[in-house]
Amino acid sequence: MTSIQQRAELQRRIWQIANDVRGAVDGWDFKQYVLGALFYRFISENFAQYIEGGDDSLSYAVLDDSVITPEIKDDAIKTKGYFIYPSQLFVNIVASANSNESLNTDLAAIFAAIETSASGYPSEQDIKGLFADFDTTSNRLGHTVKEKNTRLAAVLKGVAELDFGTFDESHIDLFGDAYEFLISNYAANAGKSGGEFFTPQHVSRLIARLAMHKQASVNKIYDPACGSGSLLLQAKRHFDAHIIEEGFFGQEVNHTTYNLARMNMFLHDINYDKFNIKLGDTLRN
């Protein structure tokens, strides 16, 4: 797919998911679940690819959790910053989503396990709170467990049907594009956009090129109002990683987009030791 086709497909799929849960979840809340499901899918795929190491004969998703030794887990967390067991992968959860009567609590437990897997490791603060906006037990999803599970299953199934290949083959800033689409269609109408504006990707590309013009190397890339991390990602995309010596830095005042920026770093193979995104107001601190 071209970038235009991928963006159109992403928007079409988000709209379809919205139709499946229409009237049940406020548009402003709805975006949290779509973005959370997108992140869950792609962080699962990224981790499985790491474990498989390019071995086509190995499928991490079909392994039993019992084969994971403490040494395997420890090594993976030191490298990736977190750990996901085979049974916790998106592909396995979505396969039984429609019939899983404890889907909402299972998801909550999985997200908590992924975050706590980093406890005591250098990546702890980079992982902490990543799923905070994806509250699977909230009454916003419905008043009964069955209602919650039905809507969660619809979101998961919709995200599962997105066909972009692997996340690193995507030609678009998946999370930035999804967030901008959701904001423009829901938040503005609800009067909740909070003055948020988004730098178009072609502008981010131009800024990155100008900043790096004739530079053989740079110490670091910093964006004081990084949003979902679009400018940082453009710098990575257009220049070899080895010339950005210390990594990527940013600050964002909005909690949701702060989480989104951290998600984007992980999902574009910028490891936890190569980025530092902070939650805060750059104009004040």
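Predicted model: local features only at pLDDT ≥ 70, side-chain atom pairs only at ≥ 80, totals over all residues.
View A. Residues are numbered from 1 along each chain as its sequence is written, and side-chain values use heavy atoms, with hydrogens and water left out. Strands (E, at least two residues) and helices (H or I, at least four) are DSSP runs numbered from the N terminus. Strands β2 (residues 248–252) and β3 (residues 275–279) pair in the parallel sense over 5 bridges; pairing requires at least two DSSP bridges between the strands.

**View B. Strand β2 also pairs with β1 (residues 221–223), in the parallel sense and over 3 bridges.** Here Asp 223 has Gly 250 of β2 as its bridge partner. Of the 5 residues in β2, 4 are buried, that is, under 20% relative accessible area with a 1.4 Å probe and protein chains only. Follow the chain from β2 through helix α11 (residues 255–267) to β3 and you trace a right-handed β-α-β unit; with the strands pointing away from the viewer, such a path from the first strand over the helix to the second runs clockwise.

**View C. The largest nonpolar core holds 73 residues.** A core of this kind is a set of buried Ala, Val, Leu, Ile, Met, Phe, Trp, Tyr and Cys residues joined through side-chain atoms within 4.5 Å. Tyr 40, Leu 156 and Phe 248 touch the most other members. Helix α2 (residues 27–52) gives the most to this core, 12 residues. Domain 1 (1–163) and domain 2 (193–284) each supply at least three, with bounds from an automatic or database domain assignment.

**View D. Tyr 40 and Phe 111 form an edge-to-face aromatic pair.** Their rings lie 5.2 Å centre to centre, with 85 degrees between the planes; rings of Phe, Tyr and Trp (its six-membered ring) pair if their centres lie within 6.5 Å, and planes over 60 degrees apart count as edge-to-face. Tyr 40 sits in α2 and Phe 111 in helix α5 (residues 103–116), 71 residues apart. Both are buried.

**View E. Phe 47 and Phe 83 make another edge-to-face pair, at 5.1 Å centre to centre and 80 degrees between the planes.** Phe 47 lies in α2 and Phe 83 in the loop between α3 (70–80) and α4 (90–95), so the pair ties together parts 36 residues apart in sequence. Ring pairs join both into a cluster whose members include Tyr 50, Phe 266 and Phe 275.

Definitions and conventions
Buried < 20%, exposed > 50% of the residue type's maximum accessible area, 1.4 Å probe, protein only. Phe/Tyr/Trp six-rings, centres within 6.5 Å; stacked < 30°, edge-to-face > 60°.
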